[in-house]
Amino acid sequence: DVRRDEYNPVFDMLTYDTVNLQLNSYVLAVSLKQNTGLFAAELNGSFSHFDHSDVWEIGLFGLVYPLGNLDFYSRTGLLFKSSDFGEDWIFKQLLGASPAKDLWLEMEATAGDLRDFNERNAFVVYNAPEKINFKIEGNIIFEVGQHLELSLRYRYMQRENVYFTYLDYDESTTVSTEYPFHTFIGGIKWRF
């Protein structure tokens, strides 16, 4: 239960009420991957329920290791997403390289309507209220010894917000504005 306070100007007093608030959001994800030498294929899917909205995703990815290891790799995928916002195709492309021992650099681009989208087996969920048109990420991953991994990630997203504006008392119009959204994420991972 959550307490809701509000000011009543008629009686010049503060009133409160108790509201029963219950959030039931969840994500279920599954992924199957088959390695065959320099190539790998991955099939994944998920079902999520956020704010009384259901989202289904199914995707197919192809991975390529041209040098036979993680010195250079690519992951390309196409996902189909169905939600209350409609149906959409999402394209993902990742390129990774290891220019030095224990150091990896990655660049990733994702295009499509990313509202209520989840990735990395539902580890990351984009349930922002506005539309996300695309995102670009850069990752630096450095292994310090056998147990410690440090990472720095930068994410640029183009978001789109739609709102109403009133021209006069009787007439309104819809305005759409696109804006950038930047995120820096630092990480420390310890493996036992």
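**Pocket lining and aromatic pairs**

In this predicted model, the lining of the largest pocket comprises 18 nonpolar, 10 polar and 15 charged residues. About 1100 Å³ of space lies in this largest pocket. Of its 43 lining residues, Leu94, Glu106, Arg120, Ile141 and Arg153 are the closest to its centre.

Me: Why is the pair of Phe117 and Tyr126 called stacked?

Reply: Planes under 30 degrees apart count as stacked. The ring planes of Phe117 and Tyr126 stand at 10°, with the centres 6.2 Å apart, so the pair is stacked. The structure holds six aromatic pairs.

Me: What makes Phe117 and Tyr126 buried or exposed?

Reply: Buried means under 20% relative accessible area. Phe117 has 1%, so Phe117 is buried. Tyr126 has 6%, and therefore Tyr126 is buried.

Me: Why is the pair of Tyr154 and Phe184 called tilted?

Reply: Planes under 30 degrees apart count as stacked, over 60 as edge-to-face and the rest as tilted. The planes of Tyr154 and Phe184 make 45°, so the pair is tilted, at 4.9 Å centre to centre. Tyr154 belongs to strand β12 (residues 148–166) and Phe184 to strand β13 (residues 172–190), 30 residues apart.

Me: Why does Tyr154 count as partly exposed, and why does Phe184 count as exposed?

Reply: Exposed means over 50% relative accessible area, buried under 20%, and partly exposed in between. Tyr154 has 28% relative accessibility, so Tyr154 counts as partly exposed. Phe184 has 63%, so Phe184 counts as exposed.

Me: How do you know that the charged end of Arg75 sits over the ring of Phe61?

Reply: The distance limit is within 6 Å of the ring centre. The charged end of Arg75 sits over the ring of Phe61, 3.8 Å from its centre.

Terms used
Residues numbered from 1 in each chain as written. Predicted model: local features only at pLDDT ≥ 70, side-chain atom pairs only at ≥ 80, totals over all residues. Heavy atoms only, no water. 1 Å grid on protein atoms, 1.4 Å probe; cavity = no way out; pocket = protein on both sides within 12 Å on 5 of 7 lines; lining within 4 Å. Points joined across faces, edges and corners; volume = space filled by probe spheres on them. Nonpolar A, V, L, I, M, F, W, Y, C, P; charged D, E, K, R; others polar. Phe/Tyr/Trp six-rings, centres within 6.5 Å; stacked < 30°, edge-to-face > 60°. Buried < 20%, exposed > 50% of the residue type's maximum accessible area, 1.4 Å probe, protein only. Helix = DSSP H or I, 4+ residues; strand = E, 2+ residues; numbered from the N terminus. Lys NZ or Arg CZ within 6 Å of the ring centre and 35° of its normal.
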